[in-house]
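Welcome to this guided tour! Keep your viewer open and follow along, one selection at a time.

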4 protein chains.
Amino acid sequence: MSLTAIVGGTVIDGTGATPINDAVILLAGERVRSVTPRDGTAVPESAKVINAAGQFVIPGLMDANVHLSSALPDTVLEYEGRYEELVAEAAQIALRSGVTTVFDTWGHLESLAAVRDRIRSGDLIGSRIFIAGNIIGFDGPLSPDFYSPNSFLGPRTVKRINAQWEQGVGQELIWLPADEVQKRVRDYIERAGIDFVKYAACAHTTPLLTFSEHLQRAIVEAAHNAGLTVQAHTLSVESLRMEIAAGADILQHGNLTRTPIPDELLTAILKEELPVAALIQTRRYLEWVHDRGPEPMRLAFGPAQDENDCRLIDAGAKLLLTTDGAVLGTAKRNHPAIAPYVKDAPDPPYELGESHFRWLVAVTERGMRPMDALVAATRNVAEAYGLGAELGTIESGKRADLVILEEDPLVDVHNYRRIVSVIKDGAIVPRDAIPSRRILSADSAA
Amino acid sequence: MSLTAIVGGTVIDGTGATPINDAVILLAGERVRSVTPRDGTAVPESAKVINAAGQFVIPGLMDANVHLSSALPDTVLEYEGRYEELVAEAAQIALRSGVTTVFDTWGHLESLAAVRDRIRSGDLIGSRIFIAGNIIGFDGPLSPDFYSPNSFLGPRTVKRINAQWEQGVGQELIWLPADEVQKRVRDYIERAGIDFVKYAACAHTTPLLTFSEHLQRAIVEAAHNAGLTVQAHTLSVESLRMEIAAGADILQHGNLTRTPIPDELLTAILKEELPVAALIQTRRYLEWVHDRGPEPMRLAFGPAQDENDCRLIDAGAKLLLTTDGAVLGTAKRNHPAIAPYVKDAPDPPYELGESHFRWLVAVTERGMRPMDALVAATRNVAEAYGLGAELGTIESGKRADLVILEEDPLVDVHNYRRIVSVIKDGAIVPRDAIPSRRILSADSAA
Amino acid sequence: MSLTAIVGGTVIDGTGATPINDAVILLAGERVRSVTPRDGTAVPESAKVINAAGQFVIPGLMDANVHLSSALPDTVLEYEGRYEELVAEAAQIALRSGVTTVFDTWGHLESLAAVRDRIRSGDLIGSRIFIAGNIIGFDGPLSPDFYSPNSFLGPRTVKRINAQWEQGVGQELIWLPADEVQKRVRDYIERAGIDFVKYAACAHTTPLLTFSEHLQRAIVEAAHNAGLTVQAHTLSVESLRMEIAAGADILQHGNLTRTPIPDELLTAILKEELPVAALIQTRRYLEWVHDRGPEPMRLAFGPAQDENDCRLIDAGAKLLLTTDGAVLGTAKRNHPAIAPYVKDAPDPPYELGESHFRWLVAVTERGMRPMDALVAATRNVAEAYGLGAELGTIESGKRADLVILEEDPLVDVHNYRRIVSVIKDGAIVPRDAIPSRRILSADSAA
Amino acid sequence: MSLTAIVGGTVIDGTGATPINDAVILLAGERVRSVTPRDGTAVPESAKVINAAGQFVIPGLMDANVHLSSALPDTVLEYEGRYEELVAEAAQIALRSGVTTVFDTWGHLESLAAVRDRIRSGDLIGSRIFIAGNIIGFDGPLSPDFYSPNSFLGPRTVKRINAQWEQGVGQELIWLPADEVQKRVRDYIERAGIDFVKYAACAHTTPLLTFSEHLQRAIVEAAHNAGLTVQAHTLSVESLRMEIAAGADILQHGNLTRTPIPDELLTAILKEELPVAALIQTRRYLEWVHDRGPEPMRLAFGPAQDENDCRLIDAGAKLLLTTDGAVLGTAKRNHPAIAPYVKDAPDPPYELGESHFRWLVAVTERGMRPMDALVAATRNVAEAYGLGAELGTIESGKRADLVILEEDPLVDVHNYRRIVSVIKDGAIVPRDAIPSRRILSADSAA
């Protein structure tokens with residue numbers, strides 16, 4: 001088993017503990033063997049030594065919400081049959097920027113599963129992927145839930161594409177009684193090879209609810225029976241309340257209520273230590289939205305969200321780094337359905353490879369302590385997804401996912417961008433060589 | 001007080017009792033004084049005598065669900081400021097066809113209230129009107145809930161029109177917490193002068209839910225505290241279940257679930273004797289829908305509805321005549337959003353002045369006993385709306401709303417169309433003179 | 001006959017002649033009797049004297065292209081039956097800002113004719129109006145030519161509204177052979193009481209042509225036989241060429257070709273002294289368009305237009321002030337079809353009451369001499385429309401339309417805004433009292 | 001050189017001459033060597049003999065207007081990069097049904113040229129193809145000219161796809177002056193390897209004109225200078241007149257004027273013997289259109305077309321068989337933009353492999369003599385396209401394209417469907433083996 005020693009750096013291990021200066025991290029194969037002060041540590045002769053003197057070592061970052069497969073109509077239609085290439089590109093863009101683990105909360109099941117497995121087996125370099133497949137209750141990308149094709153496309157095309165996303169657990173479930181819904185979800189879990197469950201507690205962009213609390217309980221039960229964590233898409237206070245009542249494990253963008261989270265709900269969140277995967281934007285993006293952004297953004301990212309964010313941070317809620325990040329190439333940036341939200345905007349949201357840096361800035365701007373921000377971007381995510389034993393911190397026995405930074409991220413949050421190297425499963429990531437093939441990101445990189 | 005004696009007819013009084021042949025109905029002013037066999041009844045000399053020998057007298061029909069004010073964009077825009085004229089026309093079309101009382105379950109509050117009051121005061125002839133105003137949770141007619149104006153109209157126009165329908169209780173309520181929702185509903189009830197409450201339990205044409213059960217309870221409580229009955233718009237099993245759990249008094253088109261009503265829900269409906277205002281179409285309309293109708297209609301009026309209808313009727317559920325009827329003139333019949341559903345169709349639904357006759361045919365086709373059908377069209381509606389002491393039957397002390405038919409409606413359901421005369425509040429309705437002004441119905445009458 | 005003497009001002013009479021300092025303009029009734037130096041002029045005792053010492057007197061401005069009746073769907077639908085009120089408001093907004101004569105080149109015939117006649121008869125204060133009615137070949141406002149109602153409105157509404165604009169000379173004429181087209185145009189002229197003819201040589205916003213040259217000749221002939229001037233809507237080089245070949249009298253926005261006007265065409269325009277009603281924007285509006293304006297504007301107002309404008313001005317073409325001006329109130333400014341073009345823009349085009357000032361700035365920015373600019377805004381317009389004997393200059397015998405300015409407009413073009421008073425037909429316009437009723441302009445004035 | 005003798009059949013040679021009974025057609029290689037009565041003809045021993053006794057031999061049919069490459073958005077997007085497969089399928093569907101030569105008047109240049117060349121070289125079996133590439137003046141399939149993608153697709157996708165059709169000669173040419181247009185067309189001809197030129201004289205479905213007569217002349221001149229025939233897309237009388245004036249060689253669907261072709265134009269067509277490729281539908285399709293068809297079809301195929309058709313046939317105009325045929329598979333048949341025109345319709349138009357049979361029925365229904373119909377489907381097409389020396393008749397020296405029928409097509413026009421065998425370039429077509437790969441036609445064949 002190969003040994004690697006990272007020597008001399010300051011280790012901020014993701015547990016929230018005081019950083020260890022001038023430390024030695026010994027990696028054995030894919031895992032961390034030990035973290036010790038250099039003084040008194042004998043580095044094995046066989047170990048490959050990485051000199052990290054003056055540098056800072058943090059756990060690989062974890063993003064609780066990304067979308068590796070593109071759902072833009074253009075891409076969906078152009079790359080049909082080749083989606084794996086897009087997922088691979090995205091997984092490498094994430095990894096390159098220090099995100100060693102991502103949770104894909106909606107996407108094209110088959111290609112995501114394939115890329116996940118290829119990365120897991122070592123066949124492909126990329127961020128470690130966990131997938132939900134479809135958001136139960138939503139129809140596919142070419143539907144009113146996302147991009148309505150109106151009468152531009154015929155029913156065969158629409159059905160063929162959407163079925164690949166819906167996987168039999170689309171909007172039609174909302175018409176069904178609870179036992180039938182539960183059966184459909186159970187079948188889906190068994191068949192799909194997913195890692196966690198996500199369902200829609202409300203519509204994609206409106207406050208209309210999808211599943212009643214009664215049905216939500218049936219879904220959560222099916223997931224828990226299968227040993228999976230559950231989360232829901234929510235936008236409103238009531239959908240958040242229903243999700244919590246139904247027993248969800250992670251509150252995905254639970255901060256995005258249009259009116260402030262009521263006290264009793266906030267209290268419940270804090271008391272039960274429910275992880276909140278909070279989408280938070282930088283101040284300057286919000287200012288742009290306020291001044292020049294399109295109306296839907298002005299409503300979604302209004303004062304209630306800001307109030308929620310500040311209260312959650314003040315109260316010490318268990319936040320998770322979450323970005324909704326996807327590859328934002330030229331085609332997407334100029335698509336009429338997307339352009340108003342990102343074009344000319346500073347720090348646009350939802351940009352894989354970038355938005356996690358912006359999230360760390362944004363929480364800092366709202367008063368989160370630097371150490372808490374790091375924990376939110378590492379350990380909290382791992383624990384929320386039930387992976388705390390394997391991921392999220394630099395501790396003996398865990399997977400060796402690390403990022404080495406030039407400067408201290410606790411001193412200046414922008415230092416997260418100053419990546420020296422990324423190590424995943426004990427191996428140094430060839431950052432300059434990935435994405436090995438630029439497709440959607442081709443132009444933006446040029 | 002003026003006396004009127006209707007002499008010699010067979011009285012089917014709406015209570016379900018055996019008809020009384022050769023009877024005398026004595027009306028005193030606006031009310032029924034007595035119903036007795038002619039033998040042994042002395043008709044007061046001062047009474048005006050109506051000879052009904054060989055004819056059949058039934059209570060004035062009651063429609064549990066109509067829309068007197070048009071919501072078609074064309075009409076809404078053309079007649080702004082003159083909606084009262086449209087409501088008056090509709091109320092007269094209903095009355096002319098034997099419907100002496102209607103429950104308007106969604107419409108333009110101000111004009112409906114005005115016409116209701118003018119009719120009540122005797123200033124205008126027309127069906128007796130009870131109103132709900134807005135369906136709480138829905139936006140106005142020029143919105144995605146009904147007819148989306150896309151970018152054809154500007155925000156001022158859209159807002160100005162919609163506000164007249166929304167009355168502060170539109171879709172925005174869905175974002176709010178329960179106490180705020182309840183407050184808004186309470187204010188609306190106090191301000192609006194409505195007669196009963198209707199809210200949206202699900203979207204207008206999709207299964208998406210609007211209010212959580214939590215919020216539904218808050219709305220029902222507000223209504224009940226104000227002494228009003230409550231009903232909800234539902235389309236799916238879950239929305240029906242939630243409405244019942246929340247305590248609704250009438251299940252408006254509760255038969256329209258896309259999958260059959262589950263047994264336990266049906267049992268609850270029967271046990272609690274919950275009134276079901278069931279939209280039921282004639283067989284030949286359903287055949288047309290199946291063969292040539294547009295897809296939404298094929299889905300909405302599919303096998304589940306038929307199964308529900310038959311089971312409800314078989315089990316003796318408390319059904320109410322309900323038509324969703326509105327004036328269906330040439331403009332509406334040819335509107336691109338409406339034409340596919342009604343044009344060239346036999347027995348098209350939703351046609352004020354016609355659809356109640358079709359409903360009586362439709363329930364008979366599904367095996368309802370003739371006497372039960374009459375009760376469903378009279379007493380059941382009155383009782384469901386808490387008006388059993390005043391309306392719904394020909395009994396001493398009740399309002400004198402009667403329809404005299406040429407032939408026995410219990411022998412042939414088509415005999416409901418053979419109206420000799422309509423009496424409302426003790427006075428003969430001048431059927432040939434109404435609608436006194438044809439507007440939307442002008443062409444169809446020509 | 002009442003006499004008025006304007007004494008002491010500098011008269012810039014619109015002929016291009018050297019201004020006369022310290023002059024006396026004597027008005028007799030509705031006409032100018034004389035313009036003379038004060039020295040040696042005896043002002044009749046009965047004359048009302050207006051002291052214009054230190055001020056500048058110019059002819060009333062003339063706008064070769066306005067639209068007094070709103071065509072916005074919102075307004076068209078809301079004000080049906082009351083369009084005269086809107087036309088009256090617009091005519092007063094124009095007059096108030098110094099424009100004493102306007103040429104309405106597309107609008108609602110009946111209301112325009114009515115307001116025109118009321119103003120002519122002295123019954124109403126307002127700009128003098130000459131009208132074209134429909135642009136022959138275009139369908140009404142609720143059509144693909146302008147605002148397509150898609151399936152939002154039904155065919156009856158669309159037809160009813162559009163017919164009021166189309167007047168039997170809409171797009172259907174394009175299908176017809178020449179003799180039939182000519183007959184239809186002749187009938188229209190006879191019936192409609194219009195003052196000049198405008199037809200479409202190309203589509204409203206695309207380069208597609210409407211009438212072939214063959215048909216254009218038939219239209220022009222019909223107009224000339226009726227003694228009317230003709231102009232066409234053109235956007236492209238070819239449509240401009242065809243219009244000229246067909247014999248049009250005024251080139252309406254003839255400067256708006258997407259590629260530069262070819263030399264031989266420019267030569268023909270100059271040689272025949274064809275009046276060009278050139279839509280010209282200020283530099284800062286064009287910069288805004290270039291930086292942030294919507295694509296259609298960037299294409300329409302691109303380098304070719306600028307090149308055309310400069311060449312036309314350099315070559316001394318006979319330009320006419322033309323603005324396409326309409327009342328730009330809050331509703332229009334925020335309409336989704338309009339907002340991208342005017343909102344947040346400096347010097348937005350098409351704004352009645354404002355855009356003529358901007359036009360004078362814009363031509364000056366492109367090097368037109370101040371005196372030529374004034375002539376383009378007065379005499380040229382009158383002559384182009386065949387009204388040179390009556391309007392356009394301050395000369396003996398002509399109608400007494402004058403604007404008195406505080407400062408010299410030849411020194412600073414912004415001085416056109418510094419209006420002291422407007423005189424039309426010899427009478428002082430009560431500028432503070434108009435528009436006597438603000439409707440569409442209500443909010444913008446607030 | 002291989003010899004083949006077709007012996008004993010009745011030869012209707014496409015020249016209009018009296019059929020030759022009991023004839024011998026001797027084919028040498030790809031060409032016809034002789035056509036002689038059997039009596040007195042010595043069939044060479046080396047010749048392969050085909051016994052056609054009792055059968056009827058006609059020239060291979062020629063369709064003056066087909067579209068082998070699909071332009072439906074679904075197909076365009078799904079098969080990008082594989083269009084050749086679609087063109088090959090279509091060329092084989094045509095050939096299988098007796099059409100040995102087709103003229104593709106609009107399509108995807110590159111794939112059409114490739115398939116044309118493969119067929120020409122003997123590498124692929126299929127109808128002989130001649131191509132126009134783009135209709136000069138039209139934008140690509142994903143544009144307002146055909147299927148507008150509105151905001152469903154982004155600009156990159158739309159541009160990428162459309163550019164493959166537009167080839168630099170799209171709608172933008174309409175803005176340009178004549179010399180520039182001519183240059184662009186010349187470049188296109190030189191670069192594209194097309195066989196004939198087609199331009200738009202009017203819009204795709206509206207009467208708006210595209211190129212002025214001035215520009216049309218420039219285009220025609222460029223084509224003629226390159227030795228190519230020219231045709232235009234026309235829909236209205238004026239566009240037809242302009243096309244003729246500009247010098248077009250074939251009047252493509254010249255019969256589709258909305259008002260009857262004026263006498264002088266008809267006279268010119270007859271006098272100059274201009275070939276009219278007339279789209280003509282069967283009576284029962286027109287009845288369906290009249291009763292139940294969508295409005296655009298009712299207008300396009302109205303009384304004027306029928307009058308034109310009858311007059312052209314009566315007057316003996318030089319008609320060409322033309323179908324606008326494309327593969328009409330299940331996807332297309334159910335596409336919302338297509339379904340209203342073909343679904344449930346008898347004899348739907350535009351169906352490759354079928355519509356030529358319907359055309360022959362349709363002209364017969366309108367009184368065309370059987371022999372003239374055959375000539376219209378063979379010799380006339382060849383001559384109109386300048387290919388009379390090679391194709392269109394069974395005459396010595398011409399290409400050996402033949403169809404052998406079971407029964408006499410001159411006796412009953414439905415006999416064209418009773419194909420025994422198809423011979424192209426002297427070789428028997430393996431009709432049962434084509435299309436060798438069913439793609440778009442897969443379902444309809446199942």
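Buried means under 20% relative accessible area, exposed over 50%, and partly exposed in between (1.4 Å probe, protein chains only). Helices (H or I, at least four residues) and strands (E, at least two) are DSSP runs, numbered from the N terminus. This is a predicted model, where local features need pLDDT of at least 70, side-chain atom pairs count only at pLDDT 80 or more, and totals for chains, interfaces and linings use all residues. Residues are numbered from 1 along each chain as its sequence is written, chains are lettered from A and ligands numbered from 1 in the order in which they are written, and side-chain values use heavy atoms, leaving out hydrogens and water.

**First stop: a covered helix**

Select residues 237–246 of chain C, which form helix α7. How many of its ten residues are buried? The count is nine, among them C:L240, C:M242 and C:I244. Step on to C:G247, which follows α7(C) and has a positive phi, near 100°.

**Second stop: a histidine in a loop**

Now pick B:H335, in the loop between α12 (330–333) and α13 (339–342) of chain B. Buried or exposed? B:H335 counts as buried because its relative accessibility is 0%. Show its contacts (heavy atoms within 4.5 Å): leaving aside residues up to four places away in sequence, B:H335 touches residues including B:L72, B:P340, C:F152 and C:P155.

**Last stop: two copies**
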